[in-house]
Amino acid sequence: MIFRQLFDPVSSTYTYLLGDAESGEALLVDPVYEQVPRDLALLQELGLRLQTTLDTHVHADHVTGAWRLRERCGSRIALAAVVGAEGVDLPLRHGDRVSFGKRYLEVRATPGHTSGCLTYVLDDASMAFTGDSLLIRGCGRTDFQGGSAQALFTSVREQILTLPDPCLLYPGHDYRGITVTSVAEERRFNPRLGGDVDLGDFAGYMHNLNLPHPKLMAVAVPANLRCGKPEGEAPVQESPDWAPLTLRFSGVWEIEPMALLEHAAGLQIVDVREAPEFIDPLGHLPDAKLVPLSQLMARIDELDRERPVVAVCRSGVRSAQASVLLSKAGFDKVANLAGGMLRWKAEGLPVAPGSR
Ligand SMILES: N[C@@H](CCC(=O)N[C@@H](CS)C(=O)NCC(=O)O)C(=O)O
Ligand SMILES: [Fe+2]
């Protein structure tokens, strides 16, 4: 099985990717709207097809990526049936299974943080995704969205802490950067729900949390009741429109050699190799401007900020770094030539006359 834990630093949300290596089928638990391009890049690089997105609940602090991912890959949207959200493809109930290849997640209703909270347990009970029902040494608040300390106490004690001791628990958030815990650990050390705590102790704790409401609540809850579909019909711009580009999981936008050939007019091509390499047997692209990587920041004013920039080097490595530097310097239309001059030449594309 392929498993990745991904983090959104703005909301401290964890997104989980589960994939069946044999069939290439994958699930995402709790995708975040703004992180969809990152998640798509990872799925593509790992050779996985997204079957289903599952939210653990209607989040109050960030917008789900479920609708945006369905638009891009046709994935099904799964959410608790009791929520009654608009646009759900798989309304989930306690005991349902959501499969990916030969593997599946079992659905457990764990209401309390919200009335529609679900915990997803992997088929062999080696891991579970608890959303905000159980956080590491904590739990989700119970003061809105049908929250109930009594319900949460029962859910956690009966549906989560009854899993096998070594079962790894992956939460919806962690505000300290801790990534994982286990059933045995939380049963013993959770200060709210572990040890000899009873309902009275727990309710007393929860009723005195006095937390401010999440900053994004007024936006996030209505959007999540539409599975993250933006209001109105405003088209979402998924990728830059100046050329066909692919976002790599590294965060760099790439352009394929053929696409660069077709879109070269209007672009600035910056070759970041050292001067002797510019005229070596690989040659250089017609109209390429030589600015070695080591001089790029000092000579940045020689570039036009209004025109898209494509960075080029021998293999695509130094130019990837140049792309990052240019983006950080405020250039908003930047891409890296995939595979550099080596691929350009291997594909038989033209070089500047007299450059080799
Ligand atoms: N400061 C965060 C609020 C975080 C928050 O309230 N998180 C919820 C989960 S959606 C929670 O239950 N937090 C429990 C806690 O902070 O102890 C924001 O503004 O978004
Ligand atoms: Fe939450």
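**View 1. Glu 347 is partly exposed, with a relative accessible area of 37%.** In this predicted model, local features require pLDDT of at least 70 and side-chain atom pairs pLDDT 80 or more, while totals for chains, interfaces and linings use all residues. Residues are numbered from 1 along each chain as its sequence is written, chains are lettered from A and ligands numbered from 1 in the order in which they are written, and side-chain values use heavy atoms, without hydrogens and water. Partly exposed denotes the range between buried (under 20% relative accessible area) and exposed (over 50%), with a 1.4 Å probe and protein chains only. Glu 347 forms a salt bridge with Arg 343, with 3.0 Å between the closest N and O atoms; a salt bridge requires a side-chain nitrogen of Lys or Arg within 4 Å of a carboxyl oxygen of Asp or Glu. Arg 343 also meets Glu 256 in a salt bridge at 2.6 Å, N to O. Because Arg 343 lies in helix α10 (residues 340-346) and Glu 256 in the loop between β14 and α7 (257-263), this pair ties together parts that are 87 residues apart in sequence. Helices (H or I, at least four residues) and strands (E, at least two) are DSSP runs, numbered from the N terminus. Arg 343 is partly exposed at 29%, as is Glu 256 at 35%.

**View 2. Glu 45 and Arg 248 form a salt bridge, their closest N and O atoms being 2.9 Å apart.** Glu 45 belongs to helix α1 and Arg 248 to the loop between β13 and β14 (253-255), so the contact ties together parts that are 203 residues apart in sequence. Relative accessibility is 36% for Glu 45, which is partly exposed, and 23% for Arg 248, also partly exposed. A network of salt bridges links Glu 45, Arg 248 and Glu 254. The structure holds 19 salt bridges.

View 3. Of its 16 lining residues, Pro 37, Leu 40, Ala 41, Gln 44 and Arg 72 are the closest to its centre. A pocket is an open set of points on a 1 Å grid where a 1.4 Å probe fits, with protein on both sides within 12 Å along at least five of seven lines; lining residues have an atom within 4 Å of a point. Helix α1 gives the most to this lining, with five residues. The pocket lies between domain 1 (2-224) and domain 2 (246-346), because both give residues to its lining; the bounds come from an automatic or database domain assignment.

**View 4. The largest pocket has a volume of about 710 Å³.** Among the 31 residues that line it, Asp 61, Arg 141, His 173, Tyr 175 and Pro 214 are the closest to its centre. Volume is the space filled by probe spheres set on the grid points, which are joined across faces, edges and corners.

**View 5. The whole structure contains nine aromatic pairs.** Phe 3 and Tyr 16 are stacked, at 6.1 Å centre to centre and 5° between the planes. Phe 3 lies in strand β1 (residues 2-8) and Tyr 16 in strand β2 (residues 13-20), so the pair ties together parts 13 residues apart in sequence. Tyr 16 is buried, at 1% relative accessibility. Phe 153 and Phe 202 form a tilted pair, at 5.8 Å and 40°. This pair links helix α3 (residues 149-160), which holds Phe 153, with helix α5 (residues 199-206), which holds Phe 202, 49 residues apart. Both Phe 153 and Phe 202 are buried. Rings of Phe, Tyr and Trp (its six-membered ring) pair if their centres lie within 6.5 Å; planes under 30 degrees apart count as stacked, over 60 as edge-to-face and the rest as tilted.
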